[in-house]
Amino acid sequence: GSSVLTSSPFTAAGISGSFSFVSGGFAVRVSALEGDVGQAVNTNSDVTFNNINAGHITASGNISASGDIFGNALILGPGLDDASFNVVISGSDGNLLVQGNGADAAITIRNSDLTTSTTQTATLNFDVYGSSLNAGSKIVAGKDGVYSVDSIKDSNLQFYTATDNSETEKLRITTDGNVGIGTTAPGELLTVHGNISSSGTITMLTASIGGGTFTSASLAGAI
């Protein structure tokens, strides 16, 4: 509720609540903010701090950093604050752009748990109705090996969709490149648990039918 205009600050500023500033062409110098030594100089409309350690910072303009930004949560945008996530990007559209200027622009989701088991995953969730309380779809990167040595650092991809508000796995790609639809353990390049329908042509070099039934209107007269 107060403003301070001085070019020679003589005490540290401790902030446990919110901190905001409006600049208008005057110089601002900060010798310490919550114990971190730093200095900021404003000559136009931007304010730069070397170190900021505060409970909450709100800016109506841009915030840029040449170093790291640390915090328990990072909220970007005017939308709902969801405390269950560490980073929230919210807004009327919620769009996220990752742009690079090299050979590849990548988004990395890393599980840093070093436990040698197959229970650790990295997941990309798609919530399509309001909140995580409603099932959506997801892509899960799982482990086919325990990752204790290079020879068993094997992974898989699992694809889930929701049925009756419950996410269930529908397709999996194993470490061998096998694709399973309706099965989590495909033994061939394509394994389907269930019926297959085609409106086009199915071409094969060899057809092996063991214990099953093959029906086709076009082949009925040739069999």
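Student: Why does Gly-142 count as buried?

Tutor: This is a predicted model, so every value here is computed from predicted coordinates. Gly-142 has a relative accessibility of 5%, and because buried means under 20% relative accessible area, Gly-142 counts as buried.

Student: Where is Gly-142 placed, and which residues does Gly-142 touch, not counting residues up to four places away in sequence?

Tutor: Gly-142 belongs to strand β8, and, with residues up to four places away in sequence set aside, Gly-142 touches Gln-120, Thr-121, Asp-154, Ser-155, Asn-156 and Gln-158. Along the chain, Gly-142 and Ala-122 are 20 residues apart, while their C-alpha atoms are separated by 6.9 Å.

Student: What makes β7 and β8 a pair?

Tutor: Two strands pair if at least two bridges are found between them, and β7 and β8 have five bridges, in the antiparallel sense; therefore they meet the rule for a pair. One of the bridges sets Leu-124 against its partner Ile-139 in β8.

Student: What makes Lys-138 a charge over the ring of Tyr-160?

Tutor: The distance part of the rule asks for NZ of Lys within 6 Å of the ring centre, and Lys-138 lies at 4.6 Å from the ring centre of Tyr-160.

Student: Why is Asn-156 called buried?

Tutor: Asn-156, which lies in strand β9 (residues 155–163), has a relative accessible area of 4%; because the limit for buried is under 20%, Asn-156 is classed as buried.

Student: What makes the approach of Asn-156 to Asp-144 a polar contact?

Tutor: A polar contact needs a pair of N or O atoms within 3.5 Å, one able to donate a hydrogen and the other to accept it, and the side chains of Asn-156 and Asp-144 make such a contact at 2.8 Å. A polar contact of 2.8 Å also joins the side chains of Asn-156 and Gln-158. Leaving aside neighbours within four places in sequence, the residues in contact with Asn-156 include Val-140, Ala-141, Arg-172, Ile-173 and Thr-174.

Student: How do you know that β9 and β10 pair, and what lies between them?

Tutor: Seven bridges join β9 to strand β10 (residues 166–173), and these strands run antiparallel, whereas the rule asks for at least two bridges; the pairing is therefore assigned. In β10, Arg-172 is the bridge partner of Gln-158. β9 and β10 form a hairpin with two residues between them, and Asp-164 in the turn has a positive phi of about 55°.

Student: Why is Asp-127 called partly exposed?

Tutor: Asp-127 has a relative accessible area of 39%, and because buried means under 20% and exposed means over 50%, Asp-127 falls in between and is partly exposed. Asp-127 lies in the loop between β7 (122–126) and β8 (137–143), and the C-alpha atoms of Asp-127 and Ser-137, which are 10 residues apart in sequence, are 6.8 Å apart in space.

Student: Is Asn-178 buried or exposed, and what places it in that class?

Tutor: Asn-178 is buried, because its relative accessible area of 11% is under 20%. Asn-178 is found in the loop between β10 and β11 (179–181), and a polar atom of the side chain of Asn-178 lies 3.5 Å from the backbone nitrogen of Leu-189.

Student: How many helices and strands does the protein have, and what percentage of its residues count as buried?

Tutor: The secondary structure comes to zero helices and 12 strands, and of the 223 residues of the protein, 13% count as buried.

Terms used:
Residues numbered from 1 in each chain as written. Predicted model: local features only at pLDDT ≥ 70, side-chain atom pairs only at ≥ 80, totals over all residues. Heavy atoms only, no water. Buried < 20%, exposed > 50% of the residue type's maximum accessible area, 1.4 Å probe, protein only. Contact = heavy atoms within 4.5 Å. Lys NZ or Arg CZ within 6 Å of the ring centre and 35° of its normal.
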